[in-house]
Amino acid sequence: MSDVPDLSSDEEHFEEDEWQEMETSDMSVTCLFCPKVFPAIDESVVHCELVHGFNLSILKVRFNMDCYSYIKLINYVKTLKPSPEAIMNADKPLWNDELYLKPVDNDEWLMYDFDSVTDKSNSPKSYHANVENGLVTLSQEHFSELQRTIQKLTEQLKDSQTHLQMAKEDMGKMQNSMKCLVDGDTNNVTKLTDSCVIVDCVSKVPLECDEGYFNSYAHFGIHYDMLSDKVRTESYRDAILNNKETIKDKVVLDLGCGTGILSMFSATAGAKAVIAVDQSDVIYHAIDIIRENNLDKKIKTIKGRLEDTDLDQKVDVIVSEWMGYFLLFEGMLDSVIYARDTCLNPGGLLLPNKCTISLVANGDVDTHKKLIEFWSDVYGYKMNCMKSEVVREASVDVVPAKCIISEPCIVKDIDLYTCNTNVVNFTSPFKLTVTNDGAITSLVGYFDTIFDLPNSVSFTTGPHGTPTHWKQTVFYFRDCKEVKKGDIIEGTITCSRQKTDVRALAVQINIFGKNHKYIIS
């Protein structure tokens, strides 16, 4: 297929001069507000503060600015050329629009180390006051400074009062929640009002409590793992580019866009417009990547959690790589369901649209000994109490196909067009037909993903397929169980959200007359 992007490395086309650093010996820096030129950026910053009253440290504190906000500020000033007074007197950042991330000039202002800017409010400037006949006369500058100080203190007091009120409300909710739990009144628990909210899906988690999840996707390593997973990435590529007629002239939402690869696949397939949404800071890299590939006219990027974002329009297609370990870990399916219910046009398309979860028996005795029996003799000491803790945490690992000693059994079938956020909570019986004599050391969980399209695409994360970055989820038993070829192993598996973390899972497997409990977190 000639127009399919090649995912192989293009390292051989790398040009050394792409990474040459800028020569700084002849650099000059022009003031943001007048034609005066300085030999260094620090001198220009001081000039702007002393002559024009443009104080970066005040702006940084007032608007809680980071380096990205600073870049927007500089490009805003260079684009609209506002007065320094208009900026310093603003009650909100006038440069918040994402379009100001696009550089206007390639100069030293954008290279300035904004993180080095410190709050100078702790070392206030001293002023002279005249006292005559009981009257105090202040300079205009001193009076203005006092007004700013009063305004700042008033805002701090208002914020403190707001936070105190929120804390009181949270304490009330916690007390009501605890009362519900202690009383064991399940009817009231399921009929709680806003005064006692049960957090049972991602959309009910306050964003400030969810930042840790999104921050984990702000690092290079995780995106390298995902993009270099050819099973994952090429399946999405083929599903989109081999079904161009389903994407052509459609508005596509890329939910959790990461580096923007699925957005670019969709744009290449002929989408009319693509909306790429991600709360993680990786969105800033996605902006650069999309612009580098000349797709910024078609792809719009939005930084934010979808549940807290207004798209201003419905979409025809939702594409998302939302799957986690054991399919449901991370709870991102909640966001896909939210997007489906609030953003998708009737008859719209979901990619992917079907998934299954399966179990299979593992007979890898060597790994079991390494992980479990290790604790029986640790340098001559017994640490058997550790076995239960090791077993309790489900492992994520690639299980060799040669170690599988049963047929697989599907324990959960998910249709993304009809499921709801309660899909995470399920109990399913299973039967595993043993294919080889051996000892069952664990059950292995994995998932299959299906793009039900005119040109259908699917992939598996099972041990019989090519390994993926998801690997498999391994539920170890403390003790092995001997089995013979032809045996039928029956049991039940129960999966549910952890009560303390809606993105984590609690799994129970009832097998061989015992109930085994695991966590995936």
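Colleague: Is F475 buried or exposed, and what is its relative accessible area?

Modeller: Bearing in mind that this is a predicted model, the general idea is that a residue counts as buried when its relative accessible area is under 20%. F475 has a relative accessible area of 0%, so this residue is buried.

Colleague: Which residue forms an aromatic pair with F326, and how are the two rings arranged?

Modeller: Two rings pair if their centres lie within 6.5 Å, and planes over 60 degrees apart count as edge-to-face. By this rule the structure holds 15 aromatic pairs. One of them joins F326 and F475, with 5.4 Å from centre to centre and 80° between the planes, which is an edge-to-face arrangement. Because F326 belongs to the loop between β8 and α13 while F475 belongs to strand β16 (residues 472-483), the pair ties together parts that are 149 residues apart in sequence. Both F326 and F475 are buried.

Colleague: What kind of pair do the rings of F475 and Y518 form, and why?

Modeller: Their centres are 5.1 Å apart and their planes stand at 65°, so F475 and Y518 form an edge-to-face pair. Since F475 lies in strand β16 and Y518 in strand β19 (residues 514-520), this pair ties together parts that are 43 residues apart in sequence. Y518 has a relative accessible area of 2%, so Y518 is buried.

Colleague: Turning to the sheet, in what order do the five strands run, and is the pairing parallel or antiparallel?

Modeller: In general, strands of a sheet pair through backbone hydrogen bonds, either parallel or antiparallel. Here the five strands form an open sheet with parallel pairing, in the order β7-β6-β5-β8-β9. Its edge strands, each of which pairs on one side only, are β7 (299-303) and β9 (344-351), and from one strand to the next the twist averages 20°.

Colleague: How many bridges join strand β5 and strand β8?

Modeller: Strand β5 (residues 251-255) and strand β8 (residues 315-319) pair in the parallel sense over three bridges, and the bridge partner of D254 in β8 is V319.

Colleague: Which strands does helix α12 touch?

Modeller: Helix α12 (residues 282-292) packs on the sheet and touches β6 (273-278) and β7, with its direction at about 165° to that of β7. Helix α13 (residues 333-343) lies across β5, β8 and β9, and runs at about 155° to β9.

Colleague: Where does the charged end of K60 sit?

Modeller: The charged end of K60 sits over the ring of F114, 5.2 Å from the centre of that ring.

Notes:
Residues numbered from 1 in each chain as written. Predicted model: local features only at pLDDT ≥ 70, side-chain atom pairs only at ≥ 80, totals over all residues. Heavy atoms only, no water. Pairing = 2+ DSSP bridges. Helix = DSSP H or I, 4+ residues; strand = E, 2+ residues; numbered from the N terminus. Axes fitted to C-alpha atoms, helices over the stretch in contact; angles between N-to-C directions. Contact = heavy atoms within 4.5 Å. Phe/Tyr/Trp six-rings, centres within 6.5 Å; stacked < 30°, edge-to-face > 60°. Buried < 20%, exposed > 50% of the residue type's maximum accessible area, 1.4 Å probe, protein only. Lys NZ or Arg CZ within 6 Å of the ring centre and 35° of its normal.
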